[in-house]
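Subject: Structure for you to look at

Hello,

Here is the structure I said I would pass on.

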Amino acid sequence: MQSSTDFLRQLPDSAAHFARGEGFWRRLHIDPIMLLLLLMLTFFGLLVLYSGSGQSTGMVKRQVAFYIIAYGAMFTVAQIDMKILARWAPWFYGIGIILLILVYVIGVQAKGAQRWISLGFIRFQPSEALKIAVPVAVAAYFSSRMLPPKFKHVLASLMIIALPAVLILKQPDLGTSILISASGLIVLFLAGLRWRYIFGSALLLAASAWPIWNFVLQGYQKRRILTLFNPEADRFGDGWNTIQAKISIGSGGMEGKGWLNGSQSQLDFLPESHTDFIIAVLAEEFGFVGVLALLGLYLAIIMRGLFIAWNAKNSFNRLLAGSLILTFFVYVFVNIAMVSGLLPVVGVPLPLVSLGGTSLVTLMLAFGILMAIATDSSKT
Amino acid sequence: MNKSAHESDHHQFKDHAYEQRLFKRRVVVSLVLVFAALTVLIFRFHDLQIKQHRDFVTQSDNNRIQLRPVAPNRGLLIDARGRIIAENKAVSTLSIVVERVENLDETLAELGKLVDISERNLENFHKALKWRRRPYQPVALKYNLSDEELARIAVNEHRLDGVELQGQLVRYYPYAELFSHVGGYVGRIDEREQNRFDDEQKRLYAGTDSIGKIGLEKFYESVLLGSVGQEKIETNARGRALRVVDAQPPQAGSDIELFLDVDVQKAASEAMAGRRGAVVAIDVDSGGVVAMLSAPAFDPNLFVTGISSRDYRALNDNLDLPLFNRSIQAQYPPGSTLKPMLGLGGLEYGIISEFTRVPDPGWYQLENDERLYRDWKRGGHGAKVGLHQAIVESCDVFFYDLGKRMGVDKMHEFGNYFGLGQHTNIDVPSERKGLWPSRAWKKNVRGLNWYPGNSLNMSIGQGDVLATPLQLAAMTVAMANKGRFIEPRLAKSIAGESTQMTVRSTYEGKDANWAQVLKGMKDVVHSPRGTAQSLNRDLNFTMAGKTGTAQVVSIAQEEEYDSEALLERHRDHALFVGFAPAENPRIAVAVVIENGEKSSEAGAVAKAVMKSYLTNRFPLEFADAK
């Protein structure tokens with residue numbers, strides 16, 4: 001944690017720099033500290049992406065274009081009045097559900113799953129929209145109700161969460177389904193869900209593990225979990241990604257092999273090195289130090305997000321801000337734990353670093369909402 | 001925050017301060033969880049990157065660095081006068097890495113414009129594509145590109161993605177058929193051979209895909225092979241070599257200098273003039289084999305990169321058995337060629353003398369036996385046939401009488417001194433040892449007693465007696481050397497180091513006895529009554545020898561369909577053994593012409609071989625022989 005404390009120590013200076021123009025930033029509806037942290041992550045991410053993509057300037061240019069769109073989206077969303085967002089929450093949610101159903105009717109298949117809707121010029125995943133619509137809907141649902149939530153309200157909120165989760169699970173996309181459920185459940189947790197419900201359901205979950213394994217999970221999902229426990233069993237099949245990722249990370253050592261010098265990533269041993277497994281590239285080339293720096297940066301972003309939530313002026317803002325930033329952390333954790341072999345390989349990109357337009361835009365929309373909440377708090 | 005303002009908005013009472021406190025408690029719990037989760041990740045990365053670092057560095061290097069064996073250059077086979085009879089030719093192979101080609105048909109069409117690609121090439125290429133192979137392994141399209149083709153590909157390589165040129169050394173036999181049996185050939189290591197490899201051999205052959213199959217190539221495999229080298233190369237995940245990190249060069253196999261002489265071998269081949277049979281010529285002083293021919297022959301180059309099944313069937317089904325190495329594997333009845341040796345035996349054992357005379361009415365009869373043992377000459381060789389006449393004219397009756405009196409045991413004992421019935425231990429594999437009968441052999445193998453009539457047949461090299469042309473040549477060397485039996489060998493030196501001569505036995509006979517027998521052998525050629533007197537025309541060296549004919553007893557069943565061939569194949573084999581010059585022997589030769597009938601023709605082949613050897617090796621002495 002050495003480096004992250006170092007990093008934090010710098011923050012007041014940076015903040016002081018922006019403090020002079022506070023009015024300016026407020027007029028823009030932008031939280032300057034969060035923006036600075038995001039830009040640092042963006043820059044760091046592009047550096048790693050250049051290496052992870054096999055030094056493809058084309059891919060980096062594409063990612064830069066995505067960033068520009070994503071920052072534009074963030075800036076736009078930051079202008080939204082939170083009251084309007086709360087009022088329209090059911091509509092967003094409803095449209096999201098309709099799109100999910102549409103996926104079954106006119107969806108496009110890719111890699112054995114039906115997740116996409118094609119609009120001719122652009123393809124998008126409705127499940128991405130739900131990543132925001134679900135916490136917004138659940139936060140909106142609780143904002144007008146007594147907290148801690150009563151049992152019937154808990155049940156109602158669980159229905160709100162379960163409907164899209166099941167639809168996405170059927171695509172099938174276990175990873176996204178879990179993450180969307182998590183974003184909704186986090187709202188529930190922040191809303192003050194009683195501990196007895198939490199522990200009770202944890203017990204229930206443990207008890208239902210066996211039937212879930214046997215009746216719910218599909219072959220490929222089970223295989224991924226089994227591979228986690230014994231990657232050597234299938235060296236050149238399912239185990240390959242995990243083994244190569246661990247070799248990449250481990251061989252990086254303390255200081256790493258140097259930028260563009262990682263043999264695992266540069267010689268194509270590491271699969272998905274520009275997408276889901278990009279942190280293995282970073283770990284190989286920048287070592288343990290680089291990993292700590294990245295985690296520090298993520299921690300700073302999360303702390304800032306929680307700070308915004310802490311200071312949010314009403315229940316909706318609080319719950320939504322807390323949920324969005326904690327869901328962000330869940331993404332970070334799941335991806336890094338997955339690449340380092342602590343969790344099964346579920347297709348979760350490393351937020352703001354992995355190549356990918358849709359996930360970038362979704363994440364930056366979330367940060368736009370956070371900015372809007374921050375702006376909302378500074379109004380009197 | 002204004003509590004009352006909010007309360008009015010809702011039908012229930014919300015305690016905003018409480019909710020905010022509740023929220024903040026939950027944020028603190030969340031933050032604790034975040035820190036806990038981050039700690040887990042940090043521990044995990046610490047474990048992988050610091051604690052297990054060395055382990056993973058090794059694994060990463062194992063990924064990256066591959067050891068590639070480098071094939072050694074195979075040793076050369078060189079004739080006695082420095083001409084290479086088995087060499088390594090650099091050939092370029094045009095291969096395609098299919099995974100790197102966008103449109104295979106287009107690439108093939110493009111290549112077709114640059115080099116000549118036959119239907120057969122394409123067929124083999126598509127066949128090879130279907131075989132199991134690892135991804136990114138190049139598949140050969142065409143072997144043996146010409147320099148011009150190479151240049152054309154090289155110029156266009158930048159627009160031919162996935163097309164690769166590979167150089168490799170391939171065994172080449174410049175004299176093709178001339179040395180096919182004795183030199184042998186290398187061929188692809190087959191599954192059976194691979195399964196027999198021990199670990200050391202597996203290492204040695206890591207970079208090599210061919211191995212000596214027959215002949216010298218097989219016998220001296222371990223010498224010719226050399227030792228494998230190693231390259232450490234950095235590769236990517238697709239197995240593409242990026243650079244050589246470290247290299248340990250291979251060690252070339254040793255060259256072998258042979259006693260074989262291209263000119264003498266050619267003379268033998270030309271003299272055989274397409275007839276079936278074998279010629280073996282041996283240097284009398286060293287036992288070195290100067291020529292070793294089996295006719296008909298085949299082109300060993302066909303086997304090097306894998307013979308097509310059609311070519312192989314053609315060779316294998318050929319009635320003339322071109323794949324059969326007659327010089328060491330064919331066992332013929334030696335016929336009269338044994339007579340000088342047995343005559344010497346008679347003298348040495350005191351059974352006959354210079355003055356022994358046997359009447360020859362044209363037949364011979366044993367007591368209490370009705371059967372007539374005929375002489376080859378109707379009416380016989382006269383009333384008083386002595387040993388000299390018996391050798392010169394090849395009188396059978398004289399030797400029937402000798403055989404009866406000498407008996408199987410003495411004949412067997414004496415023949416052993418001359419290598420009959422034994423392996424000569426020559427340095428090519430698959431030699432057969434013929435058959436030199438004995439009482440014990442007949443009892444053990446045939447379960448029969450030895451009859452006096454058997455001795456009669458044995459005395460003229462018929463009956464059960466069998467010998468390979470090489471054995472006859474080795475026997476003739478021992479005759480020319482007056483009893484010194486030298487094991488024949490092909491290799492003169494290996495990697496510059498001379499091979500050792502092995503004298504197996506020396507029969508010390510009386511000079512007078514040797515003189516009689518050798519005089520008889522000389523007069524076979526030089527006396528007007530000699531069975532090979534036709535050879536002494538245009539002869540500027542003296543030669544001694546003995547003719548022989550061997551009855552063809554049995555004919556293989558499958559030959560019956562062709563009555564012409566059958567008749568031809570019923571004829572006697574023609575044999576000749578001899579050495580030259582008669583007084584100061586330098587070379588001994590044995591010739592067999594299958595179904596050749598006239599043994600003097602076999603003698604003519606021997607003469608041509610001797611002439612070639614003597615004029616080439618001793619041009620001053622035999623200058624006008626050409």
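In chain A, 51% of the 380 residues are buried; a residue counts as buried if 20 or more other C-beta atoms lie within 10 Å of its own, as exposed if 12 or fewer do, and as partly exposed in between, with the C-beta atoms placed from the backbone. The model is a predicted one: local features need pLDDT of at least 70, side-chain atom pairs count only at pLDDT 80 or more, and totals for chains, interfaces and linings use all residues. Residues are numbered from 1 along each chain as its sequence is written, while chains are lettered from A and ligands numbered from 1 in the order in which they are written.

Chain A

Chain A has 16 helices and three strands. Both kinds of element are DSSP runs numbered from the N terminus, helices being H or I with at least four residues and strands being E with at least two. Of the contacts in chain A with a separation of 6 or more, 70% are between residues 24 or more positions apart. Two residues are in contact if their C-beta atoms, placed from the backbone, lie within 7 Å.

A:Ile186 is a residue to look up here. It lies in helix α8 of chain A. A:Ile186 has 24 other C-beta atoms within 10 Å, so it is buried. Apart from neighbours within four places in sequence, A:Ile186 is in contact with A:Ser323, A:Leu326 and A:Thr327. A:Leu320 is 134 residues away from A:Ile186 in sequence, but their C-alpha atoms are 9.4 Å apart in space.

Where the chains meet

The contact between the chains takes 41 residues from chain A and 35 residues from chain B. On the chain A side, α8 (174-190), α12 (239-252), α13 (263-266), α14 (278-310) and α15 (315-339) each supply at least two residues. The most comes from α14(A), with 10 residues. The residues on this side of chain A divide into 25 nonpolar, 12 polar and four charged. For this count Ala, Val, Leu, Ile, Met, Phe, Trp, Tyr, Cys and Pro are nonpolar, Asp, Glu, Lys and Arg are charged, and the others, Gly among them, are polar.

One helix pair across the two chains is α12(A) with α2 (residues 16-51) of chain B, packed at an angle of about 70° with their axes 6 Å apart. α12(A) is therefore roughly perpendicular to α2(B). Axes are lines fitted to C-alpha atoms, for helices over the stretch in contact, and angles run from 0 to 180 degrees between N-to-C directions. Angles under 35 degrees count as roughly parallel, over 145 as roughly antiparallel, 65 to 115 as roughly perpendicular and the rest as oblique. A:Lys246, A:Ile249, A:Gly250 and A:Gly252 of α12(A) meet B:Phe45, B:Leu48 and B:Gln49 of α2(B).

A sheet in chain B

In chain B, five strands form an open sheet in the order β12-β11-β23-β22-β21, with antiparallel pairing. Two strands pair if DSSP finds at least two bridges between them. At the edges are β12 (289-295) and β21 (544-550) of chain B, each of which pairs on one side only. From one strand to the next, the twist averages 5°.

Look at β22 (residues 573-580) of chain B, which pairs with β21(B) in the antiparallel sense over seven bridges. Within that pairing, B:Gly548 has B:Leu575 as its bridge partner, and B:Lys546 has B:Val577. β22(B) also pairs with β23(B), again antiparallel and over seven bridges, and the two form a hairpin with six residues between them. In β23(B), the bridge partner of B:Leu575 is B:Val592.

How much of β22(B) is buried? Eight of its eight residues are, so β22(B) is largely enclosed by the rest of the structure. In a regular strand the side chains alternate between the two faces of the sheet. In β22(B), B:His573, B:Leu575, B:Val577 and B:Phe579 point one way, and B:Ala574, B:Phe576, B:Gly578 and B:Ala580 point the other way. Helix α24 (residues 599-617) of chain B lies across β11 (277-283), β12, β21, β22 and β23 (587-593) of chain B, at about 35° to β22(B).

Regards
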